[in-house]
Amino acid sequence: MKRNDMREQAFLLTFESLFGAEDELDELIALYSENVEEVSDYAKEVFKGIKSKTDEFEQIINEYSKAWKTSRLPKVTLAILYVALYEMKYVESVPESVAINEAVNLAKKYSYTEDASYINGILGAVSRGR
């Protein structure tokens, strides 16, 4: 499985968890595996890492977002930002530019064009601020 497919799995799991399944991470992974496809180890690692760092990522987003705070962002946008931020901060094998580009591609696939621009702006600012 390609890395972008594994990243998409992490995004889908993260998105699903934003609807209230936060306490049952393993159950959510099992349900996804049972109904969609087997979840890669990379997707599991990223998903579980995101769930342990959500507060940190919300703080980062709120710091760099000029227009919208996390409480007002669409869940799709949040999930994409969480995956990208996790990869940028905690996955050394993924260059920041790749994490940003993949996040924009996910936004183009699952969200609106404006969201892709917003995500690119936030992640670019985070990258420059590091």
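Author: Contact here means heavy atoms within 4.5 Å. The model is a predicted one.

Reader: Which residues does Ile-80 touch, not counting residues up to four places away in sequence?

Author: Ile-80 is one of the residues of H4 that meet H6. With residues up to four places away in sequence left out, Ile-80 touches Phe-11, Ala-103, Leu-106, Ala-107 and Ile-119.

Reader: Which element gives the most residues to the largest nonpolar core?

Author: That core has 44 residues, and Ile-61, Ile-80, Leu-81, Ile-119 and Leu-123 touch the most other members. Elements giving two or more residues to the core include helix H1 (3–17), helix H5 (96–110) and helix H6 (113–129). The element that gives the most, with 11 residues, is H4.

Reader: Are H4 and H6 roughly parallel or roughly perpendicular to each other?

Author: Their axes come within 11 Å and cross at roughly 25°. Angles under 35 degrees count as roughly parallel. H4 and H6 are therefore roughly parallel.

Reader: How many nonpolar, polar and charged residues does the contact of H4 with H6 have?

Author: On the H4 side the residues include Leu-81 and Met-88, and on the H6 side Asp-115 and Val-126. By class, the contact of H4 with H6 has 10 nonpolar, 2 polar and 1 charged residues.

Reader: How are H3 and H4 oriented to each other, roughly parallel or roughly perpendicular?

Author: The axes of helix H3 (residues 41–64) and helix H4 (residues 75–90) come within 8 Å and cross at roughly 100°. Angles of 65 to 115 degrees count as roughly perpendicular. The orientation of H3 and H4 is therefore roughly perpendicular.

Terms used. Residues are numbered from 1 along each chain as its sequence is written. This is a predicted model: local features need pLDDT of at least 70, side-chain atom pairs count only at pLDDT 80 or more; totals for chains, interfaces and linings use all residues. Side-chain values use heavy atoms; hydrogens and water are left out. Axes are lines fitted to C-alpha atoms, for helices over the stretch in contact, and angles run from 0 to 180 degrees between N-to-C directions. Helices (H or I, at least four residues) and strands (E, at least two) are DSSP runs, numbered from the N terminus. Angles under 35 degrees count as roughly parallel, over 145 as roughly antiparallel, 65 to 115 as roughly perpendicular and the rest as oblique. A nonpolar core is a set of buried Ala, Val, Leu, Ile, Met, Phe, Trp, Tyr and Cys residues joined through side-chain atoms within 4.5 Å. Buried means under 20% relative accessible area, exposed over 50%, partly exposed in between (1.4 Å probe, protein chains only). Ala, Val, Leu, Ile, Met, Phe, Trp, Tyr, Cys and Pro count as nonpolar, Asp, Glu, Lys and Arg as charged, and the others, Gly among them, as polar.
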